[in-house]
Amino acid sequence: PDGPYYNLQWREQGKAISRYVPAEQVEVLAQHTANYQRFQNLVDQYAQLVIERTRAERAAGIKKKTPVSKSS
């Protein structure tokens, strides 16, 4: 009744989720969404760096230290 409302949609665990958002919350929600996208991009970049470093170490013959098992 106090419209307009905006429709926010996303997927969780394979299911479509939809929520109506009042106009006065749209700007904050847009900023939160942009922050989440930036976070995801940073996580992807970090993962790629770890993959590249691991591959470089393996190519150089460096092995990760493995825990020494204690025998009784």
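This is a predicted model: local features need pLDDT of at least 70, side-chain atom pairs count only at pLDDT 80 or more; totals for chains, interfaces and linings use all residues.
Let me start with a term: buried means under 20% relative accessible area, exposed means over 50%, and partly exposed lies in between, with a 1.4 Å probe and protein chains only as cover.

Residues are numbered from 1 along each chain as its sequence is written, and side-chain values use heavy atoms, with hydrogens and water left out.

Now the layout. The chain has 1 helix and 2 strands. From the N terminus the order is β-β-α. Helices here are DSSP runs of H or I with at least four residues, and strands are runs of E with at least two, numbered from the N terminus. Of the 72 residues, 4% count as buried. The accessible surface is about 7,300 Å², and 54% of that belongs to carbon and sulfur atoms. Those areas come from the Shrake-Rupley method with a 1.4 Å probe; for residues, only the protein chains shown count as cover.

Start with the strands. Q13 sits in the loop between β1 and β2 (15–22). Its phi is positive, about 50°, although Q13 is not a glycine. Most residues other than glycine have a negative phi. Is Q13 buried or exposed? Q13 is exposed, because its relative accessible area is 84%.

Next, helix α1. It covers residues 26–60, which is 35 residues. The expected span is 1.5 Å times one less than the number of residues. That gives 51 Å for α1, and the end C-alpha atoms are 51 Å apart, so the two agree. After α1 comes G61, with a positive phi near 85°.

How many salt bridges does the whole structure have? The search finds 1. A salt bridge is a side-chain nitrogen of Lys or Arg within 4 Å of a carboxyl oxygen of Asp or Glu. Here E57 pairs with R53, and the closest N and O atoms are 3.4 Å apart. The two are 4 residues apart in α1, so about one helical turn separates them. E57 is partly exposed at 25%. R53 is exposed at 56%.

On to the surface. Y36, F39 and V43 form a nonpolar patch with about 320 Å² of accessible area together. Patch residues have over 30% relative accessible area and no salt bridge; like charges are joined within 9 Å, nonpolar side chains (Val, Leu, Ile, Met, Phe, Trp, Tyr) within 5 Å. F39 belongs to α1. F39 is partly exposed, at 49%.

Last, a lining. Which residues line the largest pocket? They are L8, Q9, W10, L29, T33, Y36 and Q37. A pocket is an open set of points on a 1 Å grid over the protein atoms alone, where a 1.4 Å probe fits, with protein on both sides within 12 Å along at least five of seven lines; lining residues have an atom within 4 Å of a point. The largest share, 4 residues, comes from α1.
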